[in-house]
Amino acid sequence: LELGEYDEAADAYGRLVTAERSPATVSRLARLRFALGDPIDSLQLATEALAGSHQLALRPSTAAFYWFQLGHYQFETGNVDLAIASYQEALALDPDNPGAGEELAFALASAGRLDEAAEAYEQLISAGPAADLHGLYADVLRGRGDDVGAAEQERLGAALAAETLDQYPAERRHLAAFYLTREPDVAVELATADAATRRDVGALDTFAWALHHAGRTAEAVDLIDEALAVGTRDASLLYHAGAIAAANGDAARARSHIEAALALNPTFHPTEAADARALLAALG
């Protein structure tokens, strides 16, 4: 699954869940179903996994995972308020849960709850700074009209990104997201290395989006098509496909992808959702 070998993953998970339909196996099946384009089934499976987890004596971090996963698919299907509540349930069980903390801050920002999002990002950065967190916090501060604070977060993010650029290969995708609008050529380098290691739909999307920001749209088209061929119904992926199609002169395809993204989740990203609406309006 992590390598993007989805047929093999489907076979393995199918046999696994037949042998043992436990919360752990069902939660993994939810991830596969989302990758293959069925977010509603993923949401149902995550709900099943959470319900099953209540019957087990789990460590707080493990119990929190099931709330986190449910929140993730609630967000992906546009149920942002429910997602926020699920992330909060996860953090009530495990206050230091990084996944729930990061996705809570992101969801709050996407929902326009900027004061709460700012507080959440402050806590995350205090616990463990990362370049992409500084970048997202900068976006929140700009949204609140605090350009000075945003510039400081940009500076801190850039310094941290430079320090970690060659140290943590697993962080390439996060760093590529930070560099997209700042140094797109660096984002392309990171995305190229990431896709060489694991060619899953996230790697393909990141690679295509980085090429688009670097002005290499013709190259981005083939990669985003490869990502779309997996079937994943993800609002960010669909918006990226729409923006790339628009830059490549295919207005009809651009409209189709952007409309699909906004129908799936109208507030899928703190800044990209607004960009998607603006581009759709410009396309007419």
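**Second largest pocket and its helices**

Modeller: The lining of the second largest pocket takes at least two residues from each of H5 (80-93), H6 (98-110), H7 (114-127), H8 (131-143), H9 (147-164) and H10 (172-179), helices being DSSP runs of H or I with at least four residues, numbered from the N terminus. This is a predicted model, in which local features need pLDDT of at least 70 and side-chain atom pairs count only at pLDDT 80 or more, while totals for chains, interfaces and linings use all residues. Residues are numbered from 1 along each chain as its sequence is written, and side-chain values use heavy atoms, with hydrogens and water left out.

Biologist: Which residues lie nearest the centre of that pocket?
Modeller: Pro98, Glu102, Leu124, Gly128 and Leu133, from a lining of 25 residues. A pocket here is an open set of points on a 1 Å grid over the protein atoms alone, where a 1.4 Å probe fits and protein lies on both sides within 12 Å along at least five of seven lines, and lining residues have an atom within 4 Å of a point.

Biologist: And how do the lining residues divide?
Modeller: There are 14 nonpolar, 7 polar and 4 charged, with Ala, Val, Leu, Ile, Met, Phe, Trp, Tyr, Cys and Pro taken as nonpolar, Asp, Glu, Lys and Arg as charged, and the others, Gly among them, as polar.

Biologist: Which residues of H9 are buried?
Modeller: Gly149, Ala150, Gln153, Glu154, Gly157, Leu160, Ala161 and Thr164 are buried in H9, buried meaning under 20% relative accessible area, exposed over 50% and partly exposed in between, with a 1.4 Å probe and protein chains only. They lie on the same side of H9 because they cover an arc of only 140° around the axis, the arc being that of the directions from the helix axis to the C-beta atoms.

Biologist: What covers them?
Modeller: The cover includes H7, H8 and H10, where contact means heavy atoms within 4.5 Å. The face of H9 turned away from the buried side carries the exposed residues Val148, Ala162 and Glu163.

Biologist: Changing topic, where is Asn265?
Modeller: Asn265 sits in the loop between H15 (251-264) and H16 (272-283), and it counts as buried because its relative accessibility is 1%.

Biologist: What is Asn265 in contact with?
Modeller: Leaving aside neighbours within four places in sequence, Asn265 is in contact with Phe75, Glu76, Gly78, Val80 and Ala235.
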